[in-house]
Amino acid sequence: MGVAEALQRLYERIHEVCLRVGRDPGEVRLMGVSKFHERDALEEAWKGGLRLFGENRVQEAGRKFPAFKQDHPRTELHMIGSLQRNKARAAVALFDGIQSVDRDELIAELGTLTLGRERPLMVLLELHTGEASKAGYPDVEHLFGAAERVLQFPNLIIRGLMTMAPFTEDREIIRRSFRSLAAARDKLKVRFPDCDWSCLSMGMSNDFEIALEEGATLLRIGTALFGERKP
Ligand SMILES: *Cc1c(COP(=O)(O)O)cnc(C)c1O
């Protein structure tokens, strides 16, 4: 199955799940996670209507995306992997959003680097909800602190939260992970009512239907769109 066909199928499945659980499919965005995939795959996805891409390494994104964005200016590119401080400058130049904001030092770094920027940098705060790598803030209290921090910087704009569910076959454990992200978002909304918390980035190829059932508004899909990765 080619990328265009896979994309069509994904849109159909998203539509079906949304209708089944009474959600508006129009509030769900699909991100193509293009790590380890090259230009031809990006082009195919673009032709199929995809505009949002995700990469988890600064170096790889820096190799692939500047030229692609030049040819397709409406491309939106987000960083979804763990971001080291010494890569923050390059990341700010390359990405439209950082989904994997997981510690206060990184917020300070990104905030400072974006001070002279024209367009604000969109950020999501990452919550650790059980995934083995331990990336992400540990709990809602820490997210409150992180949000305060982001608000100190004029060119960082909060859009919501991100998480990765644990790698397990147990659907209930995955569901619990997504539920805790949605619950955290509800608490942040009460505490910071003037911020936009509408983005819930959760769900990958193997668990996006559960994520949709639990309120995901941004799905990060790699394998089910581009095929297996060959690192
Ligand atoms: C690789 C990756 C994805 C996509 O994973 P698939 O299972 O291939 O869909 C999503 N989110 C993050 C953070 C990733 O690193």
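1. A pocket here is an open set of points on a 1 Å grid over the protein atoms alone, where a 1.4 Å probe fits and protein lies on both sides within 12 Å along at least five of seven lines, and lining residues have an atom within 4 Å of a point.

2. The model is predicted, with local features needing pLDDT of at least 70 and side-chain atom pairs counting only at pLDDT 80 or more, while totals for chains, interfaces and linings use all residues. Residues are numbered from 1 along each chain as its sequence is written, and side-chain values use heavy atoms, with hydrogens and water left out.

3. The volume of the largest pocket is about 650 Å³, a volume being the space filled by probe spheres set on the grid points, which are joined across faces, edges and corners. Its lining divides into 11 nonpolar, 10 polar and 9 charged residues.

4. The ligand sits in the largest pocket, in the sense that more than half of its atoms lie within 2 Å of the pocket's grid points. Among the residues that surround the ligand are V33, I80, S205, I221 and T223, each with a heavy atom within 4 Å of it. By class, this shell has 5 nonpolar, 3 polar and 3 charged residues.

5. Which residues make polar contacts with the ligand (pairs of N or O atoms within 3.5 Å)? A polar side-chain atom of K35 is 2.7 Å from an oxygen atom of the ligand, and an N or O atom in the side chain of R220 lies 2.9 Å from a ligand nitrogen atom. For G222, a polar backbone atom is 2.8 Å from an oxygen atom of the ligand. Taken alone, the ligand exposes 390 Å², of which the protein buries 92%, with areas from the Shrake-Rupley method and a 1.4 Å probe.

6. The second largest pocket holds about 280 Å³ of space. Its lining has 15 residues, with R29, E76, H78, M122 and R159 closest to its centre.

Methods
Polar contact = N/O pair within 3.5 Å; in protein donor to acceptor, adjacent residues only side chain to side chain. Nonpolar A, V, L, I, M, F, W, Y, C, P; charged D, E, K, R; others polar.
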